[in-house]
Amino acid sequence: MNKKVIATASLAGCFGCHMSVLDIDERILDLIELVEFNKSPIDDIKKFTKPVDIGIIEGGCCNSENVENLRYFRENCKVLISLGECAIMGGLPAMRNGIPLEECLREAYLDGPTVQLNKEGILPNNEELPQILDRVVPCHEVVKIDYFLPGCPPRADLIWDALYALISEQPMNIPYEVIKFD
Amino acid sequence: MENQIKIVIDGREITAEKGKTILEIARENGIFIPTLCHFKGADPKANCRVCTIKINNRMMTSCTTPAADGMEIENETPELNDIRKSIIELLFVCGNHFCPTCEKSGDCELQALAYRYQMMVPRFPYDFPQKAVDSSSPKILKEQNRCISCKRCIKTIKDEKGRHYFAFKNRGNKLEVVLDPDMGMEISDKLAQIAMKNCPVGSIIYKGKGFDQPIGTRKYDKTPIGG
């Protein structure tokens, strides 16, 4: 059997979903027999070098770079999975959606209790920096997403079962305990 | 036998007393019909529609429909379960249900129903409402963005004179369940805790205590709602 190619990305997330992959413990040895990783923070490959079978997205979109990266993944992946609450519904970063963007930036860079070095009162505005979106959006509101794995983080068993089902093209068995939103 | 009626739920014939609602009869016979706004002991109002069933091919709410002799009722069908799931999804997108940060997560009935119906993602776009949070009471935090306007708190939380602590405010899409500002100042710890418990979501939070039960030991962590 040819090895399936996997790519992963962490957008507006905390990297916890990627960490949860490591919770599959010794099954990681089985996984590496079944798949090879392409563009991913795990192997630090920056650009796609071949067509990818399964793309895994952690985190929602909070800035223009996230949107660009997500579209890049959609173009290069046959199947795209939203992994975790942030990718599915914006998650913790989306808690700022009720606060105007200017107020968020002001609190972070000017008025926050830990701001000490920004004497000139500069808000980040260099064109090299990604533009922050007005509100954090779930991935499926930007591109078509094929599968969703909820959890904060998704349980390792859920990630393993989903990947195994996709690789082996078998239907997935979902026990009650593995679908959780927290 | 004048007092007895016969109804059929999903092909199962049930004999029951006259005058009871379909939901009551189903519960007595161990048949699960999902509910959110229904609260045992309080008048049913059919706000949430999640208990929708099909009687003689018509959609009805089981919490308010009295059972009548000869009714043929559909309950656990793919069509009805999908309608229920869509109602749950709508409730999720209409509010800010950030489960990972919610004190009620694991004990939340809305979340438990989403688990039961395997809601991976809502089919509707998220609204991200911006309602103000009321933290004026020393005992209760009222998080309006999580409220599903089920009226359970309005119906069940009263003082010894029968005055309600909670009430509806505004109309239409501005409708909110609010805590009376004066009564909220004097609410007892016990009543505040009951209010939190009666709320099916995390809209009423008893202040000073949260996340006290470890993940894995909460009400719906291992056991689905309705068994």
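**Notebook: domains, sheet and helices of chain B**

I started with the domains, and found that the centres of domain 1 of chain B and domain 2 of chain B, taken over C-alpha atoms, are 25 Å apart. This is a predicted model, so I kept in mind that local features need pLDDT of at least 70, side-chain atom pairs count only at pLDDT 80 or more, and totals for chains, interfaces and linings use all residues. Residues are numbered from 1 along each chain as its sequence is written, while chains are lettered from A and ligands numbered from 1 in the order in which they are written.

**Entry 1: domains.** I noted 4–76 for domain 1 and 84–206 for domain 2 of chain B; such bounds come from an automatic or database domain assignment. I then looked up their contact (C-beta atoms, placed from the backbone, within 7 Å): 12 residues of domain 1 of chain B meet 15 residues of domain 2 of chain B. The domain 1 side has 7 nonpolar, 2 polar and 3 charged residues. Here Ala, Val, Leu, Ile, Met, Phe, Trp, Tyr, Cys and Pro count as nonpolar, Asp, Glu, Lys and Arg as charged, and the others, Gly among them, as polar.

**Entry 2: the sheet.** I traced an open, mixed sheet of 5 strands in chain B, ordered β2-β1-β5-β3-β4. Helices (H or I, at least four residues) and strands (E, at least two) are DSSP runs, numbered from the N terminus; two strands pair if DSSP finds at least two bridges between them. At the edges I found β2 (12–17) and β4 (58–61) of chain B, each pairing on one side only. B:K54 has B:E74 in β5(B) as its bridge partner.

**Entry 3: helices.** I followed α2(B) across β3 and β5 of chain B, at about 150° to β3(B). Axes are lines fitted to C-alpha atoms, for helices over the stretch in contact, and angles run from 0 to 180 degrees between N-to-C directions. Next I checked α2 (residues 78–94) against α3 (residues 109–116) of chain B: the angle is about 135° and the axes are 10 Å apart. That makes α2(B) oblique to α3(B); under 35 degrees counts as roughly parallel, over 145 as roughly antiparallel, 65 to 115 as roughly perpendicular and the rest as oblique. I listed B:I88, B:L91 and B:F92 from α2(B), and B:L110, B:L113 and B:A114 from α3(B), as making the contact.

Notes:
Contact = placed C-beta atoms within 7 Å.
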